[in-house]
Amino acid sequence: MALTMYQASIPVFEKQLSNLSAILKKAEEHALAKKIEPEVFIDARLAPDMFPLSRQVQIATDGVKGCAARLAGVEVPSYPDTEKTFPELQARILKTVDFIKNFTPKQIDGSEERKVTLKLRGQDTTFLGQPYLLNFVLPNLYFHMTTAYAILRHNGVDIGKKDFLGIF
Amino acid sequence: MPRKLKKILLVDDSPVAQKVTAKAFSNAGYQVLLAWDEEECLKMAKIDKPDAILMDVIFPDGDGREFVRKLKQDLETKDIPIVFATNTLNVTDDEGDLIITIGKESYRAFAKPLHYPKLLSTVRKEINRSKNQKKL
């Protein structure tokens, strides 16, 4: 049986965001145990010209909610990028999961050829639904999750690949 | 509006140590200023007004503890928080839980190699504490 657009998107997003949430929880616990100001992790980046942890989470959630909405042909909700604490980042993830889990297979399936236009670096870029999901949204999600993971690992948080992969 | 970067002045005569520590602070969103000795540090502290100073205890041209007394007596530099990083004075705790007392003041001290998350956390706390004291 062929994989559907729904199967390749919504459940994958939910699982990855759940893993990201678990990683952030470990980071918050580590900060508390080691008496490290949580903002040290929230503002940490791998290089000065990269985004900090907070922005990695914001972009990861933006990509996911945007994809679900665009594939279903509904309006993309806008979340202000104001999170500065672990609880606020967790709330953003939860809000995103609550948004995407309401989509049904009927809304997403059949969107392989749906035209999706978004602004990338100030320019309109048009994708078809399937390459948008497989070549843009999923790699972006994994990129920002991996970067968030690497920021925290680099800062001494006790996490490993099994935290990234979660339960499978 | 872009956030104003906090300024940290790193005082160390080891170029390698400076480079590594500067990278950690840059990655944490600080503007990093570098000084090699007392004279340069004093000049930069007065001109650039850093939010905090991270310094070694032993300088090529003197004892960092004596220099701290000088900074604390100077009206232009007395309120700048100072944290020590050292591989001398039997400081072995790289998590910054040790204290160096100079006169009536106490300063947090880290052993090298530095535990950067704890160091960044301490510097952040010291900057916030200094700001709050100024508000009182």
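1. The crossing of H3(A) and H6(A) is left-handed. By that term, the near helix is turned anticlockwise from the far one by less than a right angle; clockwise would be right-handed. The model is predicted, so local features need pLDDT of at least 70 and side-chain atom pairs count only at pLDDT 80 or more, while totals for chains, interfaces and linings use all residues. Residues are numbered from 1 along each chain as its sequence is written, with chains lettered from A and ligands numbered from 1 in the order in which they are written.

2. The two helices pack at an angle of about 160°, and their axes lie 9 Å apart. Axes are lines fitted to C-alpha atoms, for helices over the stretch in contact, and angles run from 0 to 180 degrees between N-to-C directions. H3(A) is therefore roughly antiparallel to H6(A), a label for angles over 145 degrees. On the H3(A) side, the contact includes Leu53(A), Ala60(A), Gly63(A) and Leu71(A). On the H6(A) side, Gly129(A), Leu141(A), Ala148(A) and Ile151(A) are among the residues involved. Contact means C-beta atoms, placed from the backbone, within 7 Å.

3. H3(A) covers residues 53–72 of chain A, and its end C-alpha atoms are 29 Å apart, in agreement with the 28 Å that its 20 residues should span at 1.5 Å a residue. The expected span is 1.5 Å times one less than the number of residues. Helices are DSSP runs of H or I with at least four residues, strands are E runs of at least two, and both are numbered from the N terminus. H3(A) is mostly covered, with 15 of its 20 residues buried. Buried means 20 or more other C-beta atoms within 10 Å of the residue's own, exposed means 12 or fewer, and partly exposed lies in between; C-beta atoms are placed from the backbone. Gly73(A), just after the helix, has a positive phi of about 75°.

4. The largest nonpolar core has 72 residues. Such a core is a set of buried Ala, Val, Leu, Ile, Met, Phe, Trp, Tyr and Cys residues joined through C-beta atoms within 7 Å. Ala148(A), Ile8(B), Leu9(B), Ile53(B) and Leu54(B) touch the most other members. Helix H6 (residues 129–154) of chain A gives the most to this core, nine residues.

5. Chain B has four helices and eight strands. Their order along the sequence is β-α-β-α-β-β-β-α-β-β-β-α. Of its 136 residues, 39% are buried. Among contacts with a separation of 6 or more, 60% join residues 24 or more positions apart.

6. H1(B), residues 15–27, has 13 residues and reaches 18 Å from first C-alpha to last, close to the 18 Å expected. Its buried residues are Thr21(B), Ala24(B), Phe25(B) and Asn27(B). Just after this helix, Gly29(B) takes a positive phi of about 90°.

7. Asp48(B) lies in helix H2 (residues 38–48) of chain B. It counts as exposed, with 12 C-beta neighbours inside 10 Å. Beyond four places in sequence, Asp48(B) is in contact with Lys7(B), Leu9(B) and Leu33(B). Leu9(B), in turn, touches residues including Ala35(B), Met44(B), Pro50(B) and Ile53(B).

8. Lys101(A) sits in the loop between helix H4 (86–100) and helix H5 (105–108) of chain A. With 13 C-beta neighbours inside 10 Å, Lys101(A) counts as partly exposed. Lys101(A) and Ala31(A) are 70 residues apart in sequence and 31 Å apart in space, C-alpha to C-alpha.

How values were computed. Contact = placed C-beta atoms within 7 Å. Parallel < 35°, antiparallel > 145°, perpendicular 65-115°, else oblique.
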